[in-house]
Amino acid sequence: MPTVDPGLVEQPSRDSVTRAEAILATTVDAVMVIDERGLIEVLNPAAERMFGYAAGEVIGRNINVLMPEPYRGEHDGYLANYLRTGQKKIIGIGREVVGRRKDGTVFPMDLAVSEARVGEHRSFVGIVRDVTERKQAEEALRESHRQLETALAALQTKGEEVKVMSQQLWQAAKLASVGELAASIAHELNNPLATVSLRMESLLAQTAADDPRRRLLEVVEQEVDRMADLVANLLQFSRRGQQRASSVNLGEDLVKTLELVQHHFRSRHIRVVQELASDVPVIQADRQLLRQVFLNLLTNAGDAMPEGGTLTLRSAPGFLGDGRPAVVIEFADTGLGIPRELLPRVMEPFFTTKEEGKGTGLGLAICRRAVQEHGGTIHITSELGKGTTVRIALPIGNDTNVDH
Ligand SMILES: Nc1ncnc2c1ncn2[C@@H]1O[C@H](COP(=O)(O)OP(=O)(O)OP(=O)(O)O)[C@@H](O)[C@H]1O
Ligand SMILES: [Mg+2]
């Protein structure tokens, strides 16, 4: 049997070379072949298109012209390292690297490298795929992922806000319904209380002054009065938007209201000084509501001066904080004063320092609401042991909440 010269097998025929070239020419992927020194032997048309070089320009040149720095400087080292150690870093593995076109632009590419030996000749074949589009798609995907995460975070924040807001709304609704409940109970209590009060009066009238039961009846009457006060205050506090506007001369109404407590003041040695300007304009307001305000403030001042003192009432034209013209009224007493830490709380509903049964703590809350409904402001300054001044400013003109 004739033996086959192995040299013949390893030396490709002219035919097979042509066939290989034809295959390379039509391969869609870019193919490059280099020798052991890294010099380019083959660059197929797909690789020419990819890198922008004609094969003739780069054949015989180092493959590193197709790489940007730092790979360009390092490639010779990689190759030498492999030839010396046989340790494969890329051959048969493939990885994503960066290519450089003739015009200097760089692009990501997948590179698969294999080694081919033809006799003593060693070549390395690189097959390259431009993955710019894939990278862009990946980046777009990452970007939309990031956007999604941002949107999600924003949504979560909004969710929190909605939660807080609905809690606040719930709280407000609860308060409003408590107010309504209090008002309707107060309303229901009004009639029976009036009946009890009338019956008490007639019972007292029928009871002789020295009757031992009289003392008991008086106690009951006092308690009924207290209940009536509380009910009246609750009704006052929960009433809304039912004002009746008329032309009000505040100084006049202040003096009229003062008459109601004058007797009480005198017996307590409280001197009242009136500093009422004559040029105070008439305003459109709910007279009854404002008298209630005045009465509350006069009562507070009286209560604050158990040992007597001076209450100065002032009224004068002035301005609101925002510059609107107003009528300013002041109640300045020389009473006990309010501790600094309590001052911010005195206008809260049900805040009272008065002993059980003496105050409902609704007086100032009613004042504040009434003044605000008139588009005005109320301000309290106080010094412990020296006295308290309540200052009310009510706008002149029609921009109030009062129905005309
Ligand atoms: N002129 C004042 N001097 C000192 N403290 C005052 C004065 N006015 C109000 N206060 C304090 O503010 C608290 C609340 O006053 P507010 O008029 O709202 O309720 P009250 O007088 O306690 O009860 P109510 O008026 O319902 O009978 C009072 O209990 C008192 O401590
Ligand atoms: Mg009061």
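**Close-up views of a predicted model**

Figure 1. Arg129 is partly exposed because 17 other C-beta atoms lie within 10 Å, a count between the 12 or fewer of an exposed residue and the 20 or more of a buried one. The residue belongs to strand E5, which covers residues 121-130. When neighbours within four places in sequence are set aside, the contacts of Arg129 are Asp29, Met109 and Asp110. Phe351 is 222 residues away from Arg129 in sequence, and the C-alpha atoms of the two residues are 80 Å apart in space.

**Figure 2. Strand E5 and its pairing partners E1 and E4.** Strand E1, residues 30-35, pairs with E5 in the antiparallel sense, and six bridges join the two. Within this pairing, Val125 of E5 has Val33 opposite it. Strand E4, residues 106-118, is also antiparallel to E5, with 10 bridges between them. Here Phe124 of E5 stands opposite Glu115. E4 and E5 form a hairpin with two residues between the strands, where Gly119 adopts a positive phi near 60°.

**Figure 3. The shell of residues around ligand 1.** H9 supplies the largest share, with four residues. By residue type, the shell comprises nine nonpolar, 12 polar and two charged residues.

**Figure 4. Domains and overall dimensions of the protein.** Three domains are assigned: domain 1 spans residues 6-130, domain 2 spans 137-235 and domain 3 spans 244-395. The centres of domain 2 and domain 3, taken over C-alpha atoms, are separated by 25 Å. Along the principal axes, the C-alpha atoms fill a box of roughly 155 × 50 × 45 Å. The radius of gyration of the protein is 49 Å, whereas a compact globule of 404 residues would have a value near 22 Å.

**Figure 5. Secondary structure, burial and contacts across the protein.** The protein contains 10 helices and 12 strands. Of its 404 residues, 21% are buried. Among contacts between residues at least 6 apart in sequence, 62% connect residues that are at least 24 apart.

Definitions and conventions: Residues numbered from 1 in each chain as written. Chains lettered and ligands numbered in written order. Predicted model: local features only at pLDDT ≥ 70, side-chain atom pairs only at ≥ 80, totals over all residues. Near = placed C-beta within 6 Å. Nonpolar A, V, L, I, M, F, W, Y, C, P; charged D, E, K, R; others polar. Domains from an automatic or database assignment. Contact = placed C-beta atoms within 7 Å. Pairing = 2+ DSSP bridges. Rg over C-alpha atoms; globule rule 2.2 N^0.38 Å.
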